[in-house]
Amino acid sequence: MSRRQALHVGTVGLLGGLSLPRLLQFQAQAAGAKTAKAKSCIFLFLEGGPSTIDMWDMKPDAAAEVRGPYKPIKTNVNGTFICEHLPNCAKIADKYTILRNHSHNDNGHTTGYHYVMTGVKADFADGTNSRKPNNVLYPSLGSVVSRELGHTGTLPPYINLPHPLTAGGPGFYGAEHAPFVIEGDPVSPDFEVRDLLPVEGIDNKRQDRRKKLLSGLDEPAGPAAAPTGKAGTMATYYEKAHDLMTSTAARKAFDIKSEPAKLREAYGHTTLGQCALLSRRLVEAGCRFVGVDHSGWDTHFTCFPSLEKDLIPSVDRAFSALVSDLADRGLLDSTLVVMMGEMGRTPKVNKDAGRDHWSMTQSVLFAGGGIKPGIVIGATDKNSVAPLADPVSVEDILRTLFHQMGIDSSKVYNTPLGRPVPIVNGGRVLTDLVG
């Protein structure tokens, strides 16, 4: 059938009442099913705003107050240069891609975080960051992945570590698609996922009896009367907790201590490094989306000592080890890795030897999951004030992420009040980025 014939059929309602909107919906769903390159996603969020002008988009020919003290070094990709404090990433530049023209206009921490995680501008003023999810209406991208792709095993489809992503909640999707949160630092020698430990003195049989009793209390009118409201929410959490506590596979996936010491050292004995390693274990065990929140990137004051000694080296080891480890295990093609913050930093160093908020330019790193590796996409002007052309929006990044995971991001869900909300409102798939 030609496009002209299809339009005609859609207009007159032939073929059993197939309308044009329905026809286009089927076409979109079919296209989405063909483009599922990634089974899972690891999202490394550098909270506070990484100084990407000092890392991935250096300006060595700019004035001293713009270029900063660091020098660029060659990578294993001809013509691509990154910061001298990223030597491990320089060795594997052929395995990831740098997108240098990400840009938006929200310079707030909390509001920018909300925008990146949901694709929707926040309806509240920026303020002090909180560990309590603030996206009470709009679902985060991890919750979208949970709803659209669901479980592949006993592990939850959506996990946060080492604490909740601030805007990582499920919004109106509800508790079923909230993240399982690991509130603990895997770099700690005594790290363990407390929620997986059985209650002392209660064996499996007694636990099963408790579950049946709770089920009876939740459904006083019989199995047909499912709990609703807060009772329904808590029932969902109880069910998730029980499944995890009784799962040998889940306990094994969270057991980071079983990893060889040499590999743990390669990732780095830092919070970001060990979270990245644990993330690999989780996607290997079937988790769909792992969100890692790494704080400390709000570098307003004397930023260069902390960048050089702490922040950049932790990224260098964690990101390079994660990408290499996934590749060695044959998991990189099916695992999309994204690393970004809510913003970048100002091109000009301030009077306190730091860099301030600058959402107009930020570099974003992508690896695996069908991403074209070893390239640089986009460019900023000589001082990294703005993209030279074709700025990439938050919506573009989210739409591309969902596209790679086979999710139709044009799908619309209604809120409890009947308001239609698309998974992503606007944006485009970045064809230069995806294979």
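The lining of the largest cavity divides into 1 nonpolar, 7 polar and 3 charged residues, where Ala, Val, Leu, Ile, Met, Phe, Trp, Tyr, Cys and Pro count as nonpolar, Asp, Glu, Lys and Arg as charged, and the others, Gly among them, as polar. The model is predicted, so to speak of a local feature takes a pLDDT of at least 70 and to count a side-chain atom pair takes 80 or more, while totals for chains, interfaces and linings use all residues. Residues are numbered from 1 along each chain as its sequence is written, and side-chain values use heavy atoms, with hydrogens and water left out.

Let us stay with that cavity for a moment. Its lining is made up of Thr52, Ile53, Asp57, Arg100, Gly344, Arg345, Thr361, Gln362, Ser363, Thr380 and Ser384. A cavity here is a set of points, on a 1 Å grid over the protein atoms alone, where a 1.4 Å probe fits but cannot get out, and lining residues have an atom within 4 Å of a point. The largest cavity holds about 50 Å³ of space; grid points are joined across faces, edges and corners, and a volume is the space filled by probe spheres set on the points. Strands β9 (344-345) and β11 (362-367) each supply at least two residues of this lining. Helices (H or I, at least four residues) and strands (E, at least two) are DSSP runs, numbered from the N terminus.

Ser384 sits in the loop between β12 (376-377) and α14, and has a phi near 60 degrees, a positive value in a residue other than glycine. Most residues other than glycine have a negative phi, and most peptide bonds are trans. Ser384 is buried, with a relative accessible area of 4%; buried means under 20% relative accessible area, exposed over 50% and partly exposed in between, with a 1.4 Å probe and protein chains only.

Now turn to the second largest cavity, which has a volume of about 50 Å³. Leu46, Pro50, Thr52, Met55, Trp56, Met339, Met340, Ser363 and Leu365 line this space. By class, its lining has 7 nonpolar, 2 polar and no charged residues. Strands β8 (335-340) and β11 each supply at least two of the lining residues. Over the whole structure, the search finds 4 cavities of 30 Å³ or more.

With those spaces in mind, step back to the chain as a whole. The protein chain has 14 helices and 14 strands, and of its 435 residues 52% count as buried. Among contacts between residues at least 6 apart in sequence, 72% join residues at least 24 apart, a contact being heavy atoms within 4.5 Å. Glu47 lies in the loop between β1 (40-46) and α4 (64-67) and, at 5% relative accessibility, counts as buried.

The aromatic rings come next. Rings of Phe, Tyr and Trp (its six-membered ring) pair if their centres lie within 6.5 Å, with planes under 30 degrees apart counted as stacked, over 60 as edge-to-face and the rest as tilted. By this rule there are 10 aromatic pairs. In one of them, Tyr158 and Phe289 have ring centres 5.6 Å apart and planes at 75 degrees, so the pair is edge-to-face. This pair links distant parts of the chain, with Tyr158 in strand β5 (residues 158-161) and Phe289 in strand β7 (residues 289-294), 131 residues apart. Tyr158 counts as buried at 1% relative accessibility, and Phe289 counts as buried at 0%. Phe43, Phe45, Tyr113, Tyr158 and Phe289 form one aromatic cluster.

The strand that holds Tyr158 leads on to a backbone feature. The peptide bond from Leu161 to Pro162 is cis, with omega near 0 degrees, and Pro162 is found in the loop between β5 and β6 (180-181).

Finally, look at a pair of helices. Helix α6 (residues 109-118) and helix α14 (residues 394-404) pack at an angle of about 35 degrees, with their axes 8 Å apart. Axes are lines fitted to C-alpha atoms, for helices over the stretch in contact, and angles run from 0 to 180 degrees between N-to-C directions. Tyr115, Val116 and Thr118 in α6 meet Val394, Glu395 and Leu398 in α14, a contact with 4 nonpolar, 1 polar and 1 charged residues.

Technical notes
1 Å grid on protein atoms, 1.4 Å probe; cavity = no way out; pocket = protein on both sides within 12 Å on 5 of 7 lines; lining within 4 Å.
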